[in-house]
Amino acid sequence: MSHTGRCYCGEIEYEFDDPIHAQLLCHCRECRYLSGGSSNTSIVISEDKFRITKGTPGTFKRDDIEKPRIRHFCCKCGTHIFVKSPPRPGMLVLKIGTLDDHSWFKPSSAIYCIDQQPFHLIPDNIPSFKKTPSS
Ligand SMILES: [Zn+2]
Ligand SMILES: [Zn+2]
């Protein structure tokens, strides 16, 4: 299946094909800066199935931490679209809010629950991890 999405202002558009490797709720401190405060809702997709179809995203990475994530966003409206994460080579972590249709999102796990805030609600029926399943 193909999916399409865009930033808030429409300067950046993208599309990608399945598979979707994971559907995540992340509660880490970093994600809260980028989500606005709630858990971060993202999916993990294959980088080679992803295409920017309009515009050129800007990138940002911190230079004061080891193996920083590379964040891709719209330079005009600031919408954060996807992340390249060194622990996930060949993958992109995409914010579901930028998908034209994200009504199908169904979290498969909750991660970094060690940082969970009292107002973060995690569905009962999904596995949750202090950090990640592998740590
Ligand atoms: Zn934009
Ligand atoms: Zn996070």
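In this predicted model, strand β2 (residues 13-17) and strand β5 run antiparallel and are joined by 4 bridges, where strands are DSSP runs (E, at least two residues) numbered from the N terminus and two strands count as paired if DSSP finds at least two bridges between them. Within this pairing, E15 stands opposite R51 in β5. The two strands belong to an open sheet of 3 strands with the order β1-β2-β5 and antiparallel pairing. Its edge strands, each of which pairs on one side only, are β1 (2-6) and β5 (50-54). Neighbouring strands of this sheet are turned by 25 degrees against each other on average, direction ignored, the axes being lines fitted to C-alpha atoms and angles running from 0 to 180 degrees between N-to-C directions.

Residues are numbered from 1 along each chain as its sequence is written, and chains are lettered from A and ligands numbered from 1 in the order in which they are written. Local features need pLDDT of at least 70 and side-chain atom pairs count only at pLDDT 80 or more, whereas totals for chains, interfaces and linings use all residues; side-chain values use heavy atoms, with hydrogens and water left out.

A search of the whole structure finds 3 aromatic pairs, defined for rings of Phe, Tyr and Trp (its six-membered ring) by centres within 6.5 Å, with planes under 30 degrees apart counted as stacked, over 60 as edge-to-face and the rest as tilted. One of these, formed by Y14 and F16, is stacked, with 6.4 Å centre to centre and 20 degrees between the planes. Ring pairs link Y14, F16, F50 and F82 into a cluster. Y14 counts as buried because its relative accessibility is 1%, and F16 likewise at 0%, where buried means under 20% relative accessible area, exposed over 50% and partly exposed in between (1.4 Å probe, protein chains only).

C26 is buried at 8% relative accessibility, and C31 is buried with a relative accessible area of 12%.

By contrast, D63, in the loop between β6 (58-60) and β7 (70-73), counts as exposed at 76% relative accessibility.
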